[in-house]
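Keep the sequence beside the structure as you read.

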Amino acid sequence: MHNLLYNLCDHLSAQLKGAEILNCSLDGETSEFVRLNQGAVRQAGSVKQAYLELCLIDGQRQAGARLSLTSDLATDQAAAATVLTELRDRIPHLSDDPHLLYNTEVQSSEHHSEDRCPAAAEVIERIVETARGTDFVGLYAGGAIHSAFANSLGQRNGFSSHSFHLDWSLYHRADKAVKCGYAGTEWSDQEFSNKMDQARRELGVLQRSPRTIDPGRYRVYLAPTAVAEVIAILGWGGFGLKSQRTQRSPLIRAVKGEEELASCFNLSEHVGSGLAPRFGKSGFIKPERIQLFEGGRYASPLVSPRSAREYSVTTNGADDNESPVAVEMEAGQTPRDQVLSELGTGVFVNNLHYLNYSDRPSCRLTGMTRFATFWVEDGEVVAPLN
């Protein structure tokens, strides 16, 4: 798909007039999807899609558009050329953009990961066999994602990665279920089997009489999937320079140094992991790692080109919404098999749902538990919680 973008950019660049600059971006995927219910395949399909974004720049004015591609070069060239003409006609009617900033230094790159994922049919066969005897409900998605950038100055950047994601639940009855997830770049039968064994054990606990606890303060363990939900909502306006300078960031007290987290908390945007491209839609190259929190203290923001221009700082290539795309939290100090003994007596939360801010300036969240939330006493799971 990146070659398709390069061909389109060459075709369109030859049509530019005067001092026009053209930035082109592509996002696409080639994926297989399988939906399962009661341990059997209910729906299967595949998707191949790609979208082209064009940004025509003339001085301090810019106009952009997005269109779907067919992967037929002649058809896509004709459609893109029509859009380019429309953008050129629009620019004279636009005002100068005071925050326009794009990369003028040619920095080309290619990063394409090796496909180590088995075919979907092979994976599903293993899933069905391992899940036999359970009410297994889930969705498997696997394949490649593609991103590319090209401009009329000669810069070319290509990226593709291959991965899979299995999101499933083992149901007991009604709303009682154990929710699980397994994602990666290389499938492991043993890893999946271990996760299923853990899910079966939790499903056995769900069959016990549930307990209701009174409102109050409790010692709580949040499983990695629950923590991921919290980190994800923090990415909604939390780490961007724009939201911090306008005092709208839920992390503003940490940014000001008024609050800090545990000293073992380290969080970073790690595009060097290969999960996301190291280039943005304005052509800037992202650093391999941006430390967001270090030792529990706020470290640095994500800075888009627009924010960099507005606040006279250097961009680190973040997208316009300044949300992380490859966030990484370092591990803590408690081995997983010691979690219950470390918790002692309290609440074990496997998943969180429907998180939202109830008090954004104070970073106060509200939400729900649902799947596999347990009451623990003296390091032992006692009962599921209502």
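Four of the five residues of strand β16 (residues 373-377) are buried, so this strand is largely enclosed by the rest of the structure. Buried means under 20% relative accessible area, against over 50% for exposed and partly exposed in between, with a 1.4 Å probe and protein chains only. Strands (E, at least two residues) and helices (H or I, at least four) are DSSP runs, numbered from the N terminus.

This is a predicted model: local features need pLDDT of at least 70, side-chain atom pairs count only at pLDDT 80 or more, and totals for chains, interfaces and linings use all residues. Residues are numbered from 1 along each chain as its sequence is written, and side-chain values use heavy atoms, without hydrogens and water.

Now look at the partners of β16. Two strands pair if DSSP finds at least two bridges between them. Strand β13 (residues 346-349) pairs with β16 in the antiparallel sense, over four bridges. Here Val-349 stands opposite Thr-373 of β16.

Strand β17 (residues 380-384) also pairs with β16, antiparallel and over four bridges. Val-376 faces Val-381 of β17. β16 and β17 form a hairpin with two residues between them. In that turn, Asp-378 has a positive phi of about 50°.

Turn next to another set of strands. An open sheet of four strands runs in the order β11-β10-β9-β12, with antiparallel pairing. Its edge strands are β11 (297-298) and β12 (327-329), each pairing on one side only. β11 pairs with strand β10 (residues 290-294) in the antiparallel sense, over two bridges. The bridge partner of Phe-293 is Tyr-298 in β11.
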